[in-house]
Amino acid sequence: MSDATLPRQLDDGRRVDRGRAGMACLILTESAFFAIFVVAYLFYIGKSVTGPQPVDVLDFPVVGTVALLSSSGTIMFAVRALRRGEIARFIASFLVTITLGVVFLVSTAMEWNRLIFEDGLTIGTNLFGTTFYSLVGFHAAHVCIGILLMSGIWSMTLLGHVKSRHAEKVELVSWYWHFVDAVWLVVLTSVYIVGL
Amino acid sequence: MAAIDTPTPPVTAPGHSWTDTLHDWVTTCDHKKLGVMYVCSGLFFFCVAGLEAAAMRYQLLFAGNDAIGPETFNRLFTMHGTTMVFLVGMPIITGFGNYFLPLMIGARDMAYPRLNAWGFWMFFFGAFLFYFSFLGADGLYGAGTAPDVGWFAYAPLTGKAFSRGNSTDYWILGILISGFGSLSGAINMLGTVISLRCRGMTFGRMPLFVWMMSVVSFLILIALTPLAAAQVMLLFDRFLGAHFFDTQAGGDAVLWQHFFWFFGHPEVYILIIPGFAYASEIIPVFSRKVIFGYPVMVAATISIGVLSVGVWAHHMFAVGMQRELNIYFAAITMLVGVPTGIKIFNWIGTMYGGKIRFQTPMLFCTAFVFQFVLAGLTGIMLAATPFDWQLTDTYFVVAHFHYVLIGGLIFTIFGACYYWFPKVSGKMLDETLGKWHFWLFVIGFQLTFTTMHVQGLLGMPRRIYTYPSDRSWEIWNQITSAGVLFQAAGVLVFFYAIARALHSGRPAGPDPWDAWTLEWSTSSPPPDYNFAEAPEVHSRRPLWDAKHPEDPDWKHE
């Protein structure tokens, strides 16, 4: 069969990067996971048979929210810097991102410390405790994973192993981080706005 | 189109011992080896679940029989159901997808080979953990061995108070862990379809197998993690004293049903759409015609996928939902019949006027079409809420879903085994043995599951370990149990056929069925790299184009 008989190939064979496809799938499936915890939280609002109730003990987490949401901006700067090959700027803005993530975790830890030791709310106290700690806890666990990933990349960069050609991969981590941020917006709305 | 690849001479180091072979298989990231391991594990658990079913059928052979006590009977139906869904259906569909999806789109492997290997071993050891419950769950409590809460593990039966010991924990953890295999398989298949299609393989030219496995993968991604989330909640309840499904503390047992069936109903489509996928490859090849209505098939598959996430509460009509919800779920459930019916007509349209070759794969697929119509009809009947109220939790329901999953999925899996075994092993399965397998299995299937409808209509509830003799159920139960012997004989013939083919089968050559998709363009078995040269396609049937340059498909599409 000679090629002359074949029709002109309209498909250039270029495909979406497999890393992007995989991360998109992971985010999709993780969203379904969180959706169930969010539904459980919303479903059980006001159904606890004993106190404490959310209005008695929850304060709007201003510091943590500001830190986490702004970290989405700094990681964008970081990826942009890495793509341009500005390694020093990448190291700096990545460090800021990691720090903001840690600030969020610390604010969650302080909140939990207060809830557990002052207000006596644990996962076994009532339905509010059950749904609150599992939803916020799974989100915080995802923040931890993000911080671990970013710290790994950051240390490798200090050792000189990360170059601008790795920007694609680092961008995928930033997708994950944006996802963690977006989940926080949903958690924030359910727990601290709808649930209060 | 590149010519058929010549098989590479095996690179065998001197003294290639069985430990080297074992090492090869354990450390492999090759999608073909992982696919074979998935399917073999699935077939192994198929036999285990079959033995469990046989034990139950032995217990139900006579009214008032007490060969197996009620506790053991509860364990048997829990293990049988959970095994068939999670350790038979899921690995086999993941295995076939793993093996053939990259080959069909001209890729050299899946998109994430190491994730693939990780997923398989998570599945494998999760399955092992689940079955370890027979030995380990008794623990210090003396509270029973294997899980006995039914495959959907309704709350509050699974609470600490009612399920002491660790049997329910084995159910949770075994399924949770083996689920990673399905998840990584789904991410892999979608990633492969998005990123690794060869040149010319546009979405509109992908084989229907690839389309359908993509929809299945999407459904796995949005349905399997909700089950994981619900199982984690149950773990929290059991170990951390949380109250998700604890009715004493205001928790809601029905919420578990909603969560479970939000997974459970899409799961039914996750299992049956691969059956559609195998049928959609086999029926055209053995009818010597292109598939009838390719774009409609794709659209029907997608709409089944979309509808499937909105029908879950039809499993819960008897729980006492609001009237509006009952009406909604009944209506949407009946709507599923439309795209499914379209598919049935398309398969019949493909066969119509074709030069049908009734070889074993086609026999299984033909039986599938008929049986699936019946399964769909009883499904529509059960979708009508008042009818469901009458027959819920009777053998009629058991008959319905076995018609779907055995008459639909297992039949097409056998068809797929006969169709693709030559590609995987390079040897043909014997046609005569295949026909024995088919007829024995069809007779056994009809005896067992058609009669179950009657028991259900006579009011026999599912999951009872024995029954009184004055209900006229005994004769029907005996026919049902007799069918097991035929099915078992059919499966034994199947394994004998495989053993004989591996030992002294006729060499298959690259393309024994004169088929049209890319997997038949490479040698049997395919080399590690699948294709020496990346293929380029111009139509939905690239091999037809290569074999018939005078009248290629791309002139007509």
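**Helix packing and chain contacts in a predicted two-chain model**

Good morning. Ser184(B) touches Leu115(B), Asn116(B), Trp118(B) and Gly119(B), leaving out residues up to four places away in sequence. Ser184(B) is found in helix H5 of chain B. Is Ser184(B) buried or exposed? Ser184(B) counts as buried, because it has 24 C-beta neighbours inside 10 Å, and the cut-off for a buried residue is 20 or more. Please also locate Ala331(B), which is 147 residues from Ser184(B) along the chain; their C-alpha atoms are separated by 34 Å.

Let me turn to the place where the two chains meet. Here 38 residues of chain B are in contact with 33 residues of chain A. Which elements of chain B give two or more residues to this side? They are helix H5 (167-195), helix H6 (208-239) and H7 of chain B. H6(B) gives the most, with nine residues. By class, the side of chain B that touches chain A has 25 nonpolar, 10 polar and three charged residues.

What does Met212(B) touch, not counting residues up to four places away in sequence? Its contacts are Ile273(B), Pro274(B), Phe276(B), Ala277(B), Ser280(B) and Thr301(B).

Next, I shall describe how some helices pack, starting with H7(B) and its two partners. On the H7(B) side the contact is made by His265(B), Pro266(B), Tyr269(B), Ile273(B) and Ser280(B), and on the H8(B) side by Met297(B), Thr301(B), Ile304(B), Gly305(B) and Ser308(B). This contact has five nonpolar, five polar and no charged residues.

Helix H7 (residues 253-287) packs with H10(B) at an angle of about 125°, and their axes are 9 Å apart. H7(B) is therefore oblique to H10(B). The crossing of H7(B) and H10(B) is left-handed. From H7(B), Gly275(B), Ala279(B), Ile282(B), Ile283(B) and Phe286(B) meet Pro361(B), Met362(B), Cys365(B) and Phe368(B) of H10(B). By class, the contact of H7(B) with H10(B) has eight nonpolar, one polar and no charged residues.

While we are at H10(B), please find Thr360(B), which lies in this helix. Thr360(B) counts as buried, because it has 26 C-beta neighbours inside 10 Å. Leaving aside neighbours within four places in sequence, Thr360(B) is in contact with Tyr418(B), Glu431(B), Gly434(B), Lys435(B) and Phe438(B). Thr360(B) and Ala416(B) are 56 residues apart in sequence, and their C-alpha atoms are 9.7 Å apart in space.

The axes of helix H3 (residues 62-84) and helix H4 (residues 87-117) of chain A come within 8 Å and cross at roughly 160°. How does H3(A) run relative to H4(A)? That angle makes H3(A) roughly antiparallel to H4(A). Their crossing is left-handed. Among the residues in contact are Val63(A), Ala67(A) and Phe77(A) of H3(A), and Arg89(A), Phe90(A) and Phe104(A) of H4(A). The residues of this contact divide into 14 nonpolar, nine polar and one charged.

I finish with the backbone. Most residues other than glycine have a negative phi, and most peptide bonds are trans. The peptide bond from Gly51(A) to Pro52(A), however, is cis, with omega near -5°. Pro52(A) is in the loop between helix H1 (18-43) and helix H2 (54-57) of chain A. A cis peptide bond also joins Ala155(B) and Pro156(B), with omega about 0°.

Pro156(B) is found in the loop between helix H4 (113-136) and H5 of chain B. Ala153(B) lies in the loop between H4 and H5 of chain B, and has a positive phi of about 45° although it is not a glycine. Ser472(B), also not a glycine, has a positive phi of about 55°. Thank you.

Key. Residues are numbered from 1 along each chain as its sequence is written. Chains are lettered from A and ligands numbered from 1 in the order in which they are written. This is a predicted model: local features need pLDDT of at least 70, side-chain atom pairs count only at pLDDT 80 or more; totals for chains, interfaces and linings use all residues. Axes are lines fitted to C-alpha atoms, for helices over the stretch in contact, and angles run from 0 to 180 degrees between N-to-C directions. Helices (H or I, at least four residues) and strands (E, at least two) are DSSP runs, numbered from the N terminus. Angles under 35 degrees count as roughly parallel, over 145 as roughly antiparallel, 65 to 115 as roughly perpendicular and the rest as oblique. A crossing is left-handed if the near helix is turned anticlockwise from the far one by less than a right angle, and right-handed if clockwise. Two residues are in contact if their C-beta atoms, placed from the backbone, lie within 7 Å. Ala, Val, Leu, Ile, Met, Phe, Trp, Tyr, Cys and Pro count as nonpolar, Asp, Glu, Lys and Arg as charged, and the others, Gly among them, as polar. A residue is buried if 20 or more other C-beta atoms lie within 10 Å of its own, exposed if 12 or fewer, and partly exposed in between; C-beta atoms are placed from the backbone.
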